[in-house]
Amino acid sequence: MPVYDYHCSHCNAAFTVRKAMSEIDSPTPCPECESRETQRLISVVAIFASGSAGQKRALAGASSCSGCATAGPGCASCHPR
Ligand SMILES: [Zn+2]
């Protein structure tokens, strides 16, 4: 199940939620203050940029996916099929 990073705009807390993709747009209350003023961050999605050698390299977000960091199958973000 994918993991998503959230930010609470009420108490400024950052937290991670593991939820199904089908529930991605459902409200996610903050675990700190139970506010529903939370925003999903896109840090799970790796951001790529072309390097000088023309290779793609991850600039951010790769560490939040265990599949990206290992030789595993990866996630839908890093290994779209
Ligand atoms: Zn909060």
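**Close-up 1. Tyr6 and its bridge partners in the predicted model.** In S3, Tyr6 has Arg40 as its bridge partner, and in S2 the bridge partner of Tyr6 is Phe15. Two strands are said to pair if DSSP finds at least two bridges between them. This is a predicted model, in which local features need pLDDT of at least 70 and side-chain atom pairs count only at pLDDT 80 or more, whereas totals for chains, interfaces and linings use all residues. Residues are numbered from 1 along each chain as its sequence is written.

**Close-up 2. The three-stranded sheet S2-S1-S3.** Three strands make up an open sheet, arranged in the order S2-S1-S3, and their pairing is antiparallel. Strand S2 (14-18) and strand S3 (38-40) are the edge strands, each of which pairs on one side only. Direction ignored, neighbouring strands of this sheet are turned by 35° against each other on average; the strand axes are lines fitted to C-alpha atoms (for helices, over the stretch in contact), and angles run from 0 to 180 degrees between N-to-C directions. In general, the strands of a sheet pair through backbone hydrogen bonds, either parallel or antiparallel.

**Close-up 3. Strand S1 against S3.** Strand S1 (residues 3-8) runs antiparallel to S3, and three bridges join the two. Within this pairing, His7 stands opposite Gln39 in S3. Asp5, which is also found in strand S1, is 34 residues from Gln39 in sequence and 8.5 Å from Gln39 in space, C-alpha to C-alpha. Asp5 counts as partly exposed because 16 C-beta neighbours lie inside 10 Å; by these cut-offs, a residue is buried if 20 or more other C-beta atoms, placed from the backbone, lie within 10 Å of its own, exposed if 12 or fewer do, and partly exposed in between.

**Close-up 4. The hairpin of S1 and S2, with Asn12 in the turn.** S1 and S2 pair in the antiparallel sense over five bridges, and Tyr4 stands opposite Val17 in S2. The two strands form a hairpin with five residues between them. Asn12, in the loop between S1 and S2, has a phi near 70°, which is a positive value in a residue other than glycine. Asn12 is exposed, because 10 other C-beta atoms lie within 10 Å.

**Close-up 5. Ile24 and Asp25 in the loop between S2 and S3.** Ile24 lies in the loop between S2 and S3, and Asp25 has its place in that loop as well. Ile24 counts as exposed because it has 12 C-beta neighbours inside 10 Å. Leaving aside residues up to four places away in sequence, Ile24 touches Tyr4 and Lys19, where contact requires that the C-beta atoms of two residues, placed from the backbone, lie within 7 Å. The C-alpha atoms of Ile24 and Tyr4 are separated by 8.5 Å, although the two residues are 20 residues apart along the chain. Asp25, with 8 C-beta neighbours inside 10 Å, therefore counts as exposed; from C-alpha to C-alpha, Asp25 and Arg40 are 8.9 Å apart in space and 15 residues apart in sequence.

**Close-up 6. Glu34 in the loop between S2 and S3.** Glu34, placed in the loop between S2 and S3, has a positive phi of about 65° although it is not a glycine. Glu34 is exposed, because 10 other C-beta atoms lie within 10 Å.

**Context for the close-ups: the protein as a whole.** The protein has one helix and five strands, which follow the pattern β-β-β-β-β-α when read along the sequence. Of the 81 residues in the protein, 10% are buried. Among the contacts in the protein with a separation of 6 or more, 31% are accounted for by residues 24 or more positions apart.

Notes:
Helices (H or I, at least four residues) and strands (E, at least two) are DSSP runs, numbered from the N terminus.
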